[in-house]
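Please look over the model below. My notes follow as numbered points.

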Amino acid sequence: MSDAAQVVLAPPPRAGVAGRRLTRVLEIVVALAVVVGLWQVTSITINNSTLLPSPARVFHAWLDLLHADLRQDVLASLAHLGIGYALGIATGLALAAISTRFALLESIVDPLIELLRPISAIAWIPIAILMFGISAGVPVFLIFYASLFPIFVNTVAGVKQVDAKLVHAAQMLGASRRMILTHVVMPAALPYVLAGARLSLGVAWMAMVAAELTGSDAGLGWRLFWYQEFFAMDKVMAVILTIGVLGYCFDTLLRALQARITRWSPDSVVDEAR
Amino acid sequence: MNARRALLPLGFFTVAILAWQAAVLHSGQRALYPYPTGVFEAATRTIEDGSLFAATSQSLLRVLIGFALGAAFGIPLGVLMGFVRPVGRAVSPIVDSLRSIAPIAWIPMALLWLGIRGNAALFIVAYAAFFPFVVNAAQGARLIDRNLVNAARALGAGRALVVRSVVLPNALPAILTGARISMAFAWGSIIAAELAMGIKVTSGGSGAVGLGQLMVSTLYVRRDVNGLVLYMIVIGVISFLIDLAMRRLQRSLTPWRT
Amino acid sequence: MTGKIDAQSLSKTYVSARSGERVEALQNVSFSVAPHEFVSIVGPSGCGKSTLLALVAGFVAPTSGRVLADGAPITGPDPRRGVMFQDYALFPWRTVLGNVEFGPLARGATREAMRATAHRYIELVGLEGFEHRYPHELSGGMRQRCALARLLANEPEVWLMDEPLAAVDLQTRNILQDELLRLWGDGGDPGQRRAVLFVTHGIDEAVYLSDRVIVLGRRPGRIKETVTIDLPRPRKALRNSAEAGRYNEYIWNLIRDEAARAIVEESA
């Protein structure tokens, strides 16, 4: 235990950047190999391709699906996500703008948000099914609802944390109210907004899968139960992995965007405003 | 002045609720739309026949077990990842990619492996609760001020004491934050899992029915809109209480944090 | 009397929003700063020095009394009164160039004029080569130079400085003091100098830089004495002189007891 602590306290001498990158890639490859190996061994031991399909089977299923259903499913899910997320972000930003700008409206918007926020998107599924029927409306609504809160909460926190000194500095340099908004408040809040957008995407992705599973007639989540009907568990696994890979890619993409846009910040990736 | 500020939203919500009630009653389609007094009736009915309490406690029980499982596996792994850098570097890509899989996506596999009796839902919950523990424990164990350890050493602390009195307290706030997120995830996931199971498995064992399954039968069998709204409110209230309790716990266990 | 700045019987009381507790920060403070004059305000912590500066800058309004600039009451911040902040208050998302350009931009300068002004002042404070760095990539001293260039680029008539050198190390501080005097025109024509109100807790710094030093007492802040520093300019040779030492000692004696009490009260 204490040796381990030592490792943390005294980081090894730095190799070159290229060398470190290589080690990093190697570590990931080794880790993945171990997981796939364990999976393979387990599936051989169990020897039941329904209960636990082997990695090779799942990979083949995935290749087959790539030319068949999977492309449609991914497109359907991305359409749900695109529409719902865009609506959620736009509404969240608009509500945040209103509530930070007008104290009167803040006193209504804020409690409303706080009342609704504990009710997770998932809890809306039955009502959404009643409202939209089994259709794309259910995942779109759920994604919209799920992405609304993180972006709202973070944007409000971002605007409220703006350093009064920076506003004073802009004022004494002769900036107008408008310029203070565009050149001080907005850039200062930007890291929080981006962090909110990332959080929103994360919960939206989860809500999407749940909504498609239970209340949609298309998309990756819907496909899970479809294949399960035929006990095509290799295909189920292929879809599960696709969900994971896509989710990972989205998060990595947004993280990179976040780091790029807020280059000026010493700790350029602000995580949640808790 | 504060009282006046509270008056506006209070008035707004009172008017909104009254308007909601009036609108539904006037439309003459009470069966189609939920309305406040209807929700209240649904509440008294389900409380009296005990079905609300039974389902809620069933769901909560699964959440608690799943949460405990998530903690039991997640904290040791996370602390190990934070302490031993190579382990952390090797394991974190795996953790990250598994974390990106929405827990609920595992439901077909979980149903296959663990059956419809409720253990499938338990698997989903444990899976959801596991990752916040891992990520936060790893971060807490990794981020330690070297001066604190040196100070303890200089004061004569042995290695065991350093770990017990510096490293673990240092990681505790992060672990508790992880616990709070875990709990929230677990509560969201149990409802999702139960909904999916309720839709998939039409004749579930009645003893294992949680809030999610109750919602499905309310939707498809009883067609009771007011009931659905009631369950949503219950879900919201419970997640609010959970968050409140976790924050209290966090404050009382780490009083040195502001 | 109309100076560049006239403060007339200023009082400021803060009311805590949470407890409703009232804290009297300043009580009946009057002074003036003549055009071309360098005036410092010193006092133990908690004497309301920074509040005084914020009142003159127009960031906060006095509870009673008023501040005049060129004989007209101050109603808010104004680009004619430039402020330098204790922790720089540079815009972290703007580069050095972007920060220095902000004033001209706010005042509607053309792109070319803005750029030319910024480059001139960046060079003046010795930051050429660092135009495209972000504030977090600069040392404390360089950030301070950047803040100074930003202030100068607006060519304000009054410089208001709130402990601008408190956050840099001692050597850097000495260097920046000399730079500040040079930019102000310590060795040149007195008619070219700007009016400066300089808040500091360093007595030697105040004596070295100023024409007059206003000494504040604490809780509530009020003027104990105004000391005229009758030393010739340029000051460079006088930094460690016996005359300067005597002024330091005199002012220190004025506030020593209160400074000691401040330490005890702050830790309580």
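1. Helices (H or I, at least four residues) and strands (E, at least two) are DSSP runs, numbered from the N terminus. Read along its sequence, chain A runs α-α-α-α-α-α-α-α-α-α-α. That comes to eleven helices and zero strands.

2. The model is predicted: local features need pLDDT of at least 70, side-chain atom pairs count only at pLDDT 80 or more, and totals for chains, interfaces and linings use all residues. Residues are numbered from 1 along each chain as its sequence is written, while chains are lettered from A and ligands numbered from 1 in the order in which they are written.

3. How many of the residues in chain A are buried? Buried residues make up 41% of the 274. A residue is buried if 20 or more other C-beta atoms, placed from the backbone, lie within 10 Å of its own.

4. Two residues are in contact if their C-beta atoms, placed from the backbone, lie within 7 Å. Take the contacts in chain A with a separation of 6 or more: residues 24 or more positions apart account for 72% of them.

5. Now the contact between the chains. Chain A gives 47 residues and chain B gives 49. Elements giving two or more residues to the chain A side include α1 (2-9), α2 (17-46) and α9 (177-215) of chain A. α11(A) gives the most, with eight residues.

6. The C-alpha atoms of chain A fill a box of roughly 75 × 60 × 35 Å, taken along the principal axes.

Terms used. A residue is buried if 20 or more other C-beta atoms lie within 10 Å of its own, exposed if 12 or fewer, and partly exposed in between; C-beta atoms are placed from the backbone.
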